[in-house]
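Please read them with the coordinates open beside you.

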Amino acid sequence: MAGVKLNNGATLPVPGFGTWRCDVALLHAAVVHAIRVGYRHIDCAGLYRNEHIVGAAIKDAIDAGLVTREELWITSKLAPTQMEPALVLPALQKSIADLGVGYLDHYITHWPYAVDPANTASPAPDAARLGYDLQAIYLPVWREMEAAVDAGLVRSLGCSNSTAKKLAALIAVARIPPVAVQVEMHPCLAQPKLVAWAAANGIAITGYCPLGSPGRPDAYRAEGDPDVLGSDVILAFAKETGHSPAQVALKWAAQRGTVPLPRSTNPGRISENFEGACGAWSLSAEAMTALEALDRSTGSVGRIMKGDNFAPAGAAWRDMWDAEWEPTATA
Ligand code: A2P
């Protein structure tokens, strides 16, 4: 099994199977198909409101003898409205129950930004946006997540939509450090500074929207967004290697040591994506360099998922990403 070694000794399987905004009528069959063709890593979240469907599919795959629980890596996420110490354990237990997996391999904060737990409006009004505060909000939540590791409910912790700056601050005070960070990542948002920082600090990177999320709803579209699969560079290397544009994007991600989390409910594309990420083929050094050059991280220009739903009152979405932050020393 292809995988990335983590700072706690575990191996994170490559690729992961993304479950955000999947057609609920197709999701069960998609998860079973993914497991059948070799995916061993499933990326879930309470916020996706479909963990019960994913869980039923995992159970069916295990019952059919396709996989054992121990062979799977299951991630779930703590929602921004659950960033309060008393809410962590119930949220984690609900994900474990919905997924029916006994324990999680990885539990991560969905966003570093908290939203008032009483809020039900989406997007949250300004008054409900509590922002990021390491000492007052984030660390007390992290302490509960550490206690969940001690209790055997989860085997590793991580952070989603975080930045090197926020991760470095967390690592300085965490008893159980994160093993990974999950961020949007594709050739147009390659984030070489984050990749270098993470490698130097023993943090793995999982990448969502590895295909540039071509089927995303209009609410997540903005002028100037990158068209990853339509990029001339990707199309040229797809032609050269005889692979699809999606396979080129996923091989690039895996070959640079990150863990892409492609999403699909189409059986053919689920298989295509698995073969793209970890099939026995590789991109040339020239292709890797050319793909890396598509990066538009500077100024977050290449970012599709801007996070403006969670931007604290008065902050521009770009402020959330600590743009251009570089460490002066490793954490
Ligand atoms: P579908 O479920 O019909 O396959 P991302 O992982 O970047 O968020 O992208 C997910 C979107 O990309 C989904 O709309 C999915 O649609 C589509 N998709 C997944 N795999 C492929 C592929 N190999 N080629 C083209 N589109 C794909």
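In which loop is proline 123 found? Proline 123 is found in the loop between strand S7 (114-115) and strand S8 (129-131), where helices (H or I, at least four residues) and strands (E, at least two) are DSSP runs numbered from the N terminus.

This is a predicted model, in which local features need pLDDT of at least 70 and side-chain atom pairs count only at pLDDT 80 or more, while totals for chains, interfaces and linings use all residues. Residues are numbered from 1 along each chain as its sequence is written, and side-chain values use heavy atoms, with hydrogens and water left out.

1. Cis peptide bonds. The bond from serine 122 to proline 123 is cis, with omega near 0 degrees. The peptide bond from valine 14 to proline 15 is cis as well, with omega near -5 degrees, and proline 15 has its place in the loop between strand S2 (11-13) and strand S3 (17-18).

2. Positive phi at glutamine 191. Glutamine 191, in the loop between strand S10 (180-184) and helix H6 (192-200), has a phi near 50 degrees, which is a positive value in a residue other than glycine. Glutamine 191 is buried, with a relative accessible area of 12% (buried means under 20% relative accessible area, exposed over 50%, and partly exposed in between, with a 1.4 Å probe and protein chains only).

3. Positive phi at serine 213. Serine 213 is not a glycine, yet its phi is positive at about 50 degrees. The residue sits in the loop between strand S11 (204-208) and H7, and serine 213 is buried, with a relative accessible area of 5%.

4. Arginine 69. The place of arginine 69 is in the loop between helix H2 (51-63) and strand S5 (73-78), and at 13% relative accessibility this arginine counts as buried. With neighbours within four places in sequence left aside, arginine 69 is in contact (heavy atoms within 4.5 Å) with Ile62, Ile74, Val101, Tyr103, Leu104 and Asp105. Arginine 69 and alanine 174 are 105 residues apart in sequence, and their C-alpha atoms are 29 Å apart in space.

5. Aspartate 105. The side chains of arginine 69 and aspartate 105 are joined by a polar contact of 2.9 Å; a polar contact is a pair of N or O atoms within 3.5 Å, of which, within protein, one must be able to donate a hydrogen and the other to accept it, and residues adjacent in sequence count only if both atoms are side-chain atoms. Aspartate 105 lies in the loop between helix H3 (85-99) and strand S6 (106-109) and is buried, with a relative accessible area of 7%. A polar atom of the side chain of aspartate 105 also lies 2.7 Å from the backbone nitrogen of isoleucine 74. Leaving aside neighbours within four places in sequence, aspartate 105 has contacts that include Leu72, Trp73, Val154, Arg155 and Ser156.

6. Helices H7 and H10. Two packed helices are described by the angle between their axes and the distance between the axes. The axes of helix H7 (residues 232-241) and helix H10 (residues 285-292) come within 9 Å and cross at roughly 160 degrees, which makes H7 roughly antiparallel to H10. Here axes are lines fitted to C-alpha atoms, for helices over the stretch in contact, and angles run from 0 to 180 degrees between N-to-C directions; angles under 35 degrees count as roughly parallel, over 145 as roughly antiparallel, 65 to 115 as roughly perpendicular and the rest as oblique. Val233, Ile234 and Phe237 of H7 meet Glu286, Ala287, Ala290 and Leu291 of H10 in this contact, whose residues divide into six nonpolar, no polar and one charged (Ala, Val, Leu, Ile, Met, Phe, Trp, Tyr, Cys and Pro count as nonpolar, Asp, Glu, Lys and Arg as charged, and the others, Gly among them, as polar).

7. Histidine 243. Histidine 243 has its place in the loop between H7 and helix H8 (245-255), and its side chain reaches the backbone oxygen of threonine 241 at 3.0 Å. Not counting residues up to four places away in sequence, histidine 243 touches Ala238, Glu275 and Trp281.

8. Helices H8 and H9. H8 and helix H9 (residues 267-278) pack at an angle of about 40 degrees, with their axes 7 Å apart, which makes H8 oblique to H9. By class, the contact of H8 with H9 has five nonpolar, three polar and three charged residues.
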